[in-house]
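Subject: The model to look at

Hi,

Here is the structure I promised to pass on. Please open it and keep it beside you while you read.

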Protein chains: 2
Amino acid sequence: MDTRLPTFDDVLAAAARIAPHANHTPVLRSRSLDALAGAQLHFKCEHLQRIGAFKFRGACNAVQALDADTAARGVVTHSSGNHGAALALAARERGIPAHVVVPEGANAVKLAAIEAYGANVHRCAANQAAREATAARIVADTGARLVHPYADPDVIAGQGTAALELLSEAGPLDALVTPLGGGGLTCGSALVAAARGGAAVFGAEPAGAPDAFESLRQGRHVTELVPDTLCDGLRATVGSPNLALMQQLRVQALLATDAEVVAAMRLLWGRLKQVVEPSAAIALAVVLKHPEHFAGKRVGLILSGGNVDLDALPW
Amino acid sequence: MDTRLPTFDDVLAAAARIAPHANHTPVLRSRSLDALAGAQLHFKCEHLQRIGAFKFRGACNAVQALDADTAARGVVTHSSGNHGAALALAARERGIPAHVVVPEGANAVKLAAIEAYGANVHRCAANQAAREATAARIVADTGARLVHPYADPDVIAGQGTAALELLSEAGPLDALVTPLGGGGLTCGSALVAAARGGAAVFGAEPAGAPDAFESLRQGRHVTELVPDTLCDGLRATVGSPNLALMQQLRVQALLATDAEVVAAMRLLWGRLKQVVEPSAAIALAVVLKHPEHFAGKRVGLILSGGNVDLDALPW
């Protein structure tokens, strides 16, 4: 695993590399949500990204950055969902094999997408150790390159391209809020914010999976927590290079409960008319919960994904 | 009621008149929906218009077109929902009173919006005659100007501005599909299509409220049908000037059942990640149902509104 820390130049390189493949997603505004938050909110619509989540940016950058010989042996990852689908699609576009390790209990919609993109799916137990062991075995068996969901410099740089587009469309921001799971999106965004205007960066983390919050607060890598949240994209433990970057770039973590996430999700569906998943809605949840950081300011929020299981709908 | 037929020049005038007030809504694409339809689909996002529906365009144009003395006496309309909210907001922006006649059983979300925009709400029985009689009484009592939801040249011209923006963003289209209720959006769109490239225009009408379809087929104004559809925005009987314009501009009506509408709505929520109401999803439903008109073509679809009652959601 490649754990060097990426730089803003890596984000710029990623933007050029993924431009032919990724969607340039729109930025949406809402008068009624602005009024509710007492702030000017700019929503970057990564749920309209390919595979329905920002994860395609990082996966595509990592796959496109491989030299031809390495690429030919394929790529492998472990992912609760969106990164797996992203890597599957990125590999298909380059014409190389993808192996995706999926924990039991993963979101059915996301699993179906991974299979639809032609990846080889490998099931494992629903814990971090089982994921990593299964991926390591596939690397040993096939020579495939591990593309970690977040603790990878090419992935982090790729995720940063969303914030780059957001700043170029919305103009200068006072604050930038991203969902925070493993830390790929948060770190990529923080690299961009630091280089382009200095917006304060906030990672929005579930109160039921506060490992990054606790790591920053305690000044050590807290890895022993057991996540309990409906934000299925944010259950991973923050990565080691991700934590280092967050400390270096002074990222703050803010927490929201699942109930606050659901309330924010309903607002985004009802007012912004966007189908976003809980792991995306948490960005709005923390903005509404912590007005001391956002009131009266220009705030960018990354709506990170929209892969919800609509079978739960009453129609 | 003003029943002269509007022209394309009226649409251009409306575009200039509403520009300071209305949202320029985005056009979205989806690879997976294109594949499903076997066509290139361009979705004009009028559910992201103010009040959550295209109706604001027509109401705003009608209100802004009034001379000062007429405007001061206020405006009145009867509407199952979105037009009522649209007129309420348009009147509030001009600082004049609005009266909205709402039939019993109207969508609760839309009713709440009408009240939130400060209109005077008048309830009546859920039939066309009761709506029109109640509105006429208010006109007699207050001197307010009736802004009919669709049988009004300023309203038709205003609704046409959505198609104008769609063509300017998407480029030439072979076909343009709009939901068809009273005929305001369909006629406004047909004026634009006729003047700008000649796309074939299709009105998408519920199989349970096929009055325009039957009127075109039988060559007479069919007004005796009783609507039975969950598309609450499409229950009105097509207007007389609207029918005349549709005949003149060779608009075709296509039907879809409620089950087909629900299937299309789920696709739009799941693939395009957009919260649209059934009355909007019907445009995609007819495209999927009638491939003989659309296969291999560049098709514009107007997603007319997104005001769904989310209290039905399981979260």
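This is a predicted model: local features need pLDDT of at least 70, side-chain atom pairs count only at pLDDT 80 or more; totals for chains, interfaces and linings use all residues.

Residues are numbered from 1 along each chain as its sequence is written, chains are lettered from A and ligands numbered from 1 in the order written, and side-chain values use heavy atoms, leaving out hydrogens and water.

In chain A, take helices H10 (residues 211-218) and H11 (residues 240-248). (Helices are DSSP runs of H or I with at least four residues, strands are runs of E with at least two, and both are numbered from the N terminus.) Their axes, lines fitted to C-alpha atoms over the stretch in contact, come within 11 Å and cross at roughly 55°. The angle runs from 0 to 180 degrees between N-to-C directions.

Which residues of H10(A) and H11(A) make the contact? A:Ala212, A:Ser215 and A:Leu216 come from H10(A), and A:Leu243, A:Met246 and A:Gln247 from H11(A); contact means heavy atoms within 4.5 Å.

Over in chain B, four strands make an open, parallel sheet in the order E5-E4-E3-E6. Strands pair if DSSP finds at least two bridges between them. E5 (120-124) and E6 (145-146) of chain B each have a single partner strand, so one side of each has no neighbour in the sheet. E3 (residues 75-78) of chain B pairs with E6(B) over two bridges, and B:Val75 has B:Arg145 as its bridge partner. Helix H7 (residues 128-142) of chain B packs on the sheet, touching E3, E4, E5 and E6 of chain B.

Cheers
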